[in-house]
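Subject: Structure handover

Hello,

Please find the structure below, followed by notes on what was found in it.

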Amino acid sequence: MSHPEPDHFAFDADSNAQIEKIVARYPEGKQASAVIPLLYIAQKQMGRATGSAWVPRVAMDAVAERLSMPPIRVYEVATFYFMFNTKPIGRFHLQVCGTTPCWLRGSDDVLRACKDAGHLKGYGDTSQDGLFTLSEVECLGACVNAPILAVDDDFYEDLDYDRTVALIEALRRGERPQPGSTIGRQTSAPEGGPLVLHDVPAAGE
Amino acid sequence: MAKVTVDGIEVEVPNGATVLQACEAAGKEIPRFCYHERLSIAGNCRMCLVEVERAPKPVASCAYPVADGMKVFTDTPVVRNARRGVMEFLLINHPLDCPICDQGGECDLQDQAMGYGMDHSRYREEKRVVKDKYVGPLIKTIMTRCIQCTRCVRFAAEVAGTPELGGTNRGENMEIGTYVEKALTSELSGNLIDICPVGALTSRPYAFVSRPWELRKTDSIDVQDAVGTAIRVDSRGPEVMRILPRVNEAVNEEWMADRGRFSFDGLKRKRLDRPWVRRDGKLAPATWAEAFAAIAKKLEGLPGDRIGAIAGDLVDAESVLALKDLMAAYGSANLDCRQDGAAIDASRGDWFRFNSGIAGIDEADALLIIGSDVRREAPVLNARIRKRWSLGKLKVGVVGPKTDFTYPVKVLGEGPETLTALLAGQGFAEVLKDAQRPMVILGRGAIARPDGAAVLATAWQIAEAVGALKPDWHGFNMLHHFGGQVGALELGFVPGQGGKALGAMMGGNIDALWLLGADGFDPARIGAETFVIYQGHHGDRAAARADVILPGAAYTEKDATYVNTEGRAQQAFLAIHPPGEAREDWRILRAYSEGVGKTLPYDSLAQLRARLAQAAPCFATLDAIPASGCTDMTAPASNVALGSAPFVAALPSYHLADTIARASEVMAECASIYGGAAPRLAAE
């Protein structure tokens, strides 16, 4: 492995509280089913503790031990899903959706904005200041508000070049803009507000 | 039962069988890579596609259950095209380096590509390359050749019980490996080579050594543990090139332990290839005549009770009988084959046999293991217990050191006091009592101690008390360590009337001691004045003490009979000739006996075998075990009391347990890598 691995990982109190709840969802003897949520908790904890949300090998071992499963079964799961970072990443994980609807709606601009504003060379790169890591992801399932940039777990929608740059600058300043549409769209309603069902009488009218 | 028609042939198969099994029942060969009848079904290689009537597309027969009245077609244009397509995809990333691949000539992919492959590739893009993994000193990996059938992953997890292999990453980047580099900890790892359908996992010691068609194949029996694994010795000229398991459902199914498979390079090293005689305190090369003369001179005129003989762990039944007869001719009853000092009472066969039979494990529903590290003493047998456990409802209790058996066990205690509690009907005894077919496995190591006779008697009494001894089920089992031990016991190679046991022969209590491959005890215990004759194949510690060395043949170098722990007599055949002037052991004894006027009454192997069949019933019918069931419940006698020392592992180092392994460089490397440290407990 080309990156430094921590030699120790233990779940903290926050994580342990969540784990207890999750493991209890599964019948006795089927605890291994909780492997995905536990990996996610481990990744979150790493984010809290080090500012880089990734799952080191020792964390996978901790998950295996907690769920009484062979470590290799955890490695298999953790390496299968790209949502688990097996290498250290930046403080903010910029995930550009490049699937067809987003691409048609200008995801190339979003990508360009990420590169310019985040000082990133391309997909897989982490910026020098350790703030941003750029990834390409497949459809995030919010095509109505394409194009989309997912920052960690938050979706920023209806982006264009300028708004993406503004978003990244805000992140750099330590702000966390409100997730969702960046043009004030109400959920997935048409731009500028609803076009139909204006005249539905309110209940009781 | 379901009636299925395969290519017009009607067969009946059990409900729940797969289409592939139905096709096999109809005698149709279905190509496959991922399917293996002893592993779970993965269904990922897609090579076994067949057409089923009214199914819209070809189905993977290995993972498709049969239905009554189903019509299956295994050789239609659709099927052939589908398989050709699968083969083309498999070959896209396969390197096609057959000329430098050790699997070449015995490769499933190579064979099936002859049937379904194209003569050229349409693929013009870059092939993927996978970095080779280190998985230990026995297995060489060339992972670019891997077709990701996951047989190895399933074998490691299911049969071996050491889930260390897995498929990491995804899609194009998926790789088989351990993720974190480590040597596999299984004692059955060599089987990964056999089940790998391509050349991704090959034998490291056998790398670039030979092609399968150059090898002469000889059926034999693995003597390096007491399971009696059926093996095939592949030799070229005067050398053993490799050893592979054969199928024997009743014994080893198709698996084999690593020590038997990989320690054969020890057959070429430290060999005794000529007679030696000690002159003026130093061993000097001699001729057979000189060696015989030296022995005859010493033995002549000695009273019978001053002569003794000890048989080793890897000896064949023929030579044991010949030595016994020779000792009888000298009037000596000082015989012993229990080098470890195990308090075995050889007067009744079922007191020292694995009476339930190895196949009997499949029927057991509760198991008590006493003082045996089954995993390291008999890895293949342990896999059988694991297989039984994985089918469910097998409770295993262990009295002895806590180790990883590869299946969950309840450790009841570590010493004999736990046996007393069990005999009193406490704790796990209830589980055994409730079982229909309870089994007790007593490790030979547990009785190789001062209170051994008491442990043996107590173990038998526990078996009796929990109802393991029934007319139709014999649940008392002793697990021996090596392939020559039971044969010698069957032949009664133990002290006769007034004879001395091994301990009593030590320290100068006899004047001449004939060691037949006996390397299992410290030769310093032999009295300084005792004249020692060592007859065997390896120059180990006992040979260094000898006054006369008679070079014998190893198990690959003679036609011989071995008895496994069940009491199953099996014949091994000569694969290569013994080196130099070494000879088959029974012939040495026969030749010597003639020279001293005590000619043994057999001139040929056939005559000797006829005498064997008379001497012990198990030699009369080969490859069969004595009738199961116990009618006489008399326990073996004991005149000692149970001690308090906890049971310890009988074989300190798995890889260096016998004289052939101790001469093997491969095993030495394994021992240095795996050391004495117990592998990490499998979390399961």
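Predicted model: local features only at pLDDT ≥ 70, side-chain atom pairs only at ≥ 80, totals over all residues.

B:Leu49 has B:Ala60 as its bridge partner in E4(B).

In an unreviewed entry, UniProt lists residues 78–117 of chain B as "domain: 4Fe-4S His(Cys)3-ligated-type". In the model, that span is 60% helix and 0% strand, and its end C-alpha atoms are 15 Å apart.

**The three-stranded sheet of chain B**

Another open sheet in chain B has three strands in the order E10-E11-E12, and here the pairing is antiparallel. Which strands stand at the edges? They are E10(B), residues 216–221, and E12(B), residues 239–245; each has a single partner strand, so one side of each has no neighbour in the sheet. From one strand to the next, the twist averages 30°.

E11(B), residues 230–236, is joined to E12(B) by six bridges, and the two run antiparallel. To find this pairing in the viewer, look for B:Val233, whose bridge partner in E12(B) is B:Ile243.

UniProt also has an annotation for this part of the chain: the unreviewed entry gives "domain: 4Fe-4S Mo/W bis-MGD-type" for residues 215–271 of chain B. The span is 9% helix and 35% strand in the model, with its end C-alpha atoms 23 Å apart.

**A covered strand, E24(B)**

Is strand E24 of chain B, residues 512–516, mostly covered or mostly open? E24(B) is mostly covered, as five of its five residues are buried. In a regular strand, side chains alternate between the two faces of the sheet. In E24(B), B:Ala512, B:Trp514 and B:Leu516 point one way, while B:Leu513 and B:Leu515 point the other way. The residues of both groups are buried.

E24(B) has parallel pairings with two strands of chain B. With E15(B), residues 307–311, there are five bridges and the strands run parallel. B:Ala309 has B:Trp514 of E24(B) as its bridge partner. With E25(B), residues 531–536, the pairing is again parallel and is made over five bridges. In that pairing, B:Ala512 stands opposite B:Phe531.

B:Met506 lies in the loop between helix H15, residues 502–505, and E24 of chain B. Why does B:Met506 count as buried? The cut-off is 20 or more other C-beta atoms within 10 Å, and B:Met506 is buried because it has 20 within that distance.

Leaving aside residues up to four places away in sequence, B:Met506 touches B:Arg525, B:Ile526 and B:Gly527. B:Ala528 is 22 residues from B:Met506 in sequence, and their C-alpha atoms are 9.6 Å apart in space.

Chain A has seven helices and five strands. Along the sequence they follow the pattern α-α-α-α-β-α-α-β-β-β-α-β. The C-alpha trace of chain A spans about 60 × 50 × 30 Å along its principal axes. Chain A has 205 residues, of which 34% count as buried.

Chain A is divided into domain 1 (13–80) and domain 2 (92–181). The centres of these two domains of chain A, taken over C-alpha atoms, are 27 Å apart. Among contacts in chain A between residues at least 6 apart in sequence, 60% join residues at least 24 apart.

Regards

Terms used: Residues numbered from 1 in each chain as written. Chains lettered and ligands numbered in written order. Buried ≥ 20, exposed ≤ 12 C-beta atoms within 10 Å, placed from the backbone. Helix = DSSP H or I, 4+ residues; strand = E, 2+ residues; numbered from the N terminus. Pairing = 2+ DSSP bridges. UniProt positions renumbered as here; feature names shortened; annotations may be inferred. Domains from an automatic or database assignment. Contact = placed C-beta atoms within 7 Å. Axes fitted to C-alpha atoms, helices over the stretch in contact; angles between N-to-C directions.
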